[in-house]
Amino acid sequence: MKKKVLGLLPARGGSRGIPGKNVRPLNGRPLIGWAGEALSASSSVRRAICSTDDDEIARAAAASGLEVPWIRPAEISQDTSLVVDVILHALDALAREGDSGYDYVALVQATSPTVTAGDIDAAVAMAIAKQADTVVTGFHAGQRHPATMFSLSADDEVTWLLDAEQRMSRRQDLPDYFIRTGLVYVISTETLIQRRSIYGERIFCLVVSEERALTIDEERDFQMAEFLLRR
C-alpha cells in the first residue's frame with residue numbers, strides 16, 4: 001500500500017540573526033522559494049504545505065507552489081517553539097479538515113536552499129523501504145573526525161571526545177563518521193505522536209555531498225549559497 005506523506009515547510013517570521021531572512025532575495029527569488037519549489041515538485045508527498053505566522057512569508061510560499069491553509073498560531077511561533085509542535089499542529093489542523101491518515105512527514109526547511117525534489121523523494125523512499133522512524137541527511141566528516149575533537153574546561157583543560165585508543169589510530173583505520181545536515185527529515189507520524197520528537201529509534205541517513213549541506217544562518221551563508229546556486 002502506498003504510504004501517505006505530508007510535505008511540510010515551517011517558516012517563522014521575525015528572524016533575529018538576519019532580519020527578513022526567509023523572504024530575502026537569493027539569486028532572484030526569495031530564500032523560501034528554493035526549498036518551497038523543491039517540496040512542491042516532490043512526487044512523494046500528497047500535499048506540500050507551508051506553516052507560517054507571517055503574511056509576507058505566506059505569499060512567498062504560495063508563489064513557490066506550496067499550500068498555506070492557515071496562519072500558524074502565535075503560541076507555537078516563538079523563538080523557543082519546537083518544530084515537533086509545529087508538525088503536530090499541522091497534522092491536527094489537517095485532521096480537523098478531514099485529511100488524516102498520514103504515515104510520514106517530509107520536513108524541509110526554508111533555510112536549506114540546496115535541497116532538491118530528488119532529495120525529498122529519495123529520503124521518503126528510504127524511510128518506507130527501511131521502515132524507518134526517522135531519515136536524516138548527512139555528509140562525510142572527512143578531516144573533521146571526532147578523534148581530533150575535544151572540549152575545554154573553564155581553565156582550558158582538554159577533555160577528548162573519543163578514547164585514547166581511537167585518538168592514536170591512523171586516520172585510514174578509523175571508522176567513517178558523518179555530520180547531520182538539515183536538507184530534509186522524514187519522520188513517521190507514529191514517532192511524532194508517541195515520542196513528541198522528530199527522532200525515533202530506527203534512524204537512517206541519506207548521504208549528500210558536503211557542498212550541498214548548507215544552512216542559511218549567517219550573512220556569509222548567503223554568499224556561499226549565491227555562489228553554489230549560480231553553479
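Begin by selecting P113, which is buried, with a relative accessible area of 3%. Here buried means under 20% relative accessible area, exposed over 50% and partly exposed in between (1.4 Å probe, protein chains only). Before you go on: this is a predicted model, in which local features need pLDDT of at least 70 and side-chain atom pairs count only at pLDDT 80 or more, while totals for chains, interfaces and linings use all residues. Residues are numbered from 1 along each chain as its sequence is written, and side-chain values use heavy atoms, with hydrogens and water left out.

**Stop 1: around P113.** P113 sits in the loop between β5 (104-107) and α4 (117-130). Helices (H or I, at least four residues) and strands (E, at least two) are DSSP runs, numbered from the N terminus. Which residues is P113 in contact with, leaving aside its neighbours within four places in sequence? Select L26, L31, W34, L214, I216, A225 and L229; contact means heavy atoms within 4.5 Å.

**Stop 2: helix α7.** Now select residues 219-230, the 12 residues of helix α7. At 1.5 Å a residue they should span 16 Å, and the end C-alpha atoms are 17 Å apart, which agrees; the expected span is 1.5 Å times one less than the number of residues. Colour D221, F222, A225 and L228, the buried residues of α7. They cover an arc of only 130 degrees around the axis, so they lie on the same side of α7. That arc is taken from the directions from the helix axis to the C-beta atoms. An α-helix has 3.6 residues a turn, so residues three or four places apart point the same way. What do the buried residues of α7 pack against? Show β2 (25-26) and α1 (31-41) to see these partners. Then turn to the other side of α7, where R220 and R230 are exposed.

**Stop 3: H89.** Next, pick H89 in helix α3 (residues 83-96). Is H89 buried or exposed? At 17% relative accessibility, H89 counts as buried. Not counting residues up to four places away in sequence, H89 touches W70, P73 and I76.

**Stop 4: W160.** Finish in strand β8, where W160 is found. With 37% relative accessibility, W160 counts as partly exposed.
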